[in-house]
Amino acid sequence: MKVAFNRKLWFAIFALCFSFSTQIAFADEPPVKKSKSGICHAKGSTYYSKTKNFTAYQTMEACLESGGRRPKR
């Protein structure tokens, strides 16, 4: 027996799947964040979690090569 789905049900299923996929995608934080002031913050450092406006880098070396600097502390 074939079950006929209407548009609203398909849309609800799609929206539910999309919401889960975006939550998973944003859960991962980059290993290194370069702040607007040019400071490279590695994951686990003092200001890493407080840095909101940043450019993401995979390594500290890549961040430093882009013109960033290490934190003074």
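**Entry 1: β1 and β3**

I began with the pairing of β1 and β3: 4 bridges join the two strands, which run antiparallel. Strands here are DSSP runs of E, at least two residues long, numbered from the N terminus, and two strands pair if DSSP finds at least two bridges between them. Across from V32 I found Y57 in β3.

**Entry 2: what I am reading**

A note to myself on the source: this is a predicted model, in which local features need pLDDT of at least 70 and side-chain atom pairs count only at pLDDT 80 or more, while totals for chains, interfaces and linings use all residues. Residues are numbered from 1 along each chain as its sequence is written, and side-chain values use heavy atoms, with hydrogens and water left out.

I then looked up pLDDT, the predictor's confidence in each residue, from 0 to 100. The protein averages 80, and 71% of the residues score at least 70. Where pLDDT is low, the predicted coordinates should not be read in detail.

**Entry 3: the overall layout**

I counted 2 helices and 3 strands, helices being DSSP runs of H or I with at least four residues. Along the sequence they follow the pattern α-β-β-β-α. Of the 73 residues, 21% count as buried, a word that means under 20% relative accessible area with a 1.4 Å probe, protein chains only. Among contacts with a separation of 6 or more, 38% come from residues 24 or more positions apart.

**Entry 4: the sheet**

In what order do the strands of the open sheet stand? I read β2-β1-β3, with antiparallel pairing. β2 (40–42) and β3 (54–57) are at the edges with a single partner strand each, so one side of each has no neighbour in the sheet. From one strand to the next the twist averages 30 degrees; the axes are lines fitted to C-alpha atoms, and angles run from 0 to 180 degrees between N-to-C directions.

Next I turned to β1 (residues 32–35) and β2, which pair in the antiparallel sense over 3 bridges. Here K33 stands opposite H41, and V32 has A42 as its bridge partner. The two strands form a hairpin with 4 residues between them, and G38 in the turn has a positive phi of about 90 degrees.

Are the faces of β1 covered or open? I found both covered, with V32 and K34 buried on one side and K33 and S35 buried on the other.

**Entry 5: K33 and the rings**

Over which ring does the charged end of K33 sit, 4.3 Å from its centre? That ring belongs to Y48. The charged end of K33 also sits over the ring of F54, 4.7 Å from its centre. The test I used asks for NZ of Lys or CZ of Arg within 6 Å of the ring centre and within 35 degrees of the ring normal.

**Entry 6: H41 and T51**

H41 is in strand β2, and it counts as buried because its relative accessibility is 7%. Not counting residues up to four places away in sequence, H41 touches P31, V32, K33, S35, Y47, Y48, T51 and P71.

T51 lies in the loop between β2 and β3 and is buried too, at a relative accessible area of 8%. Leaving aside neighbours within four places in sequence, T51 is in contact with K33, S35 and H41. I also checked T51 against S35: they are 16 residues apart in sequence and 6.4 Å apart in space, C-alpha to C-alpha.

Notes:
Buried means under 20% relative accessible area, exposed over 50%, partly exposed in between (1.4 Å probe, protein chains only). Contact means heavy atoms within 4.5 Å.
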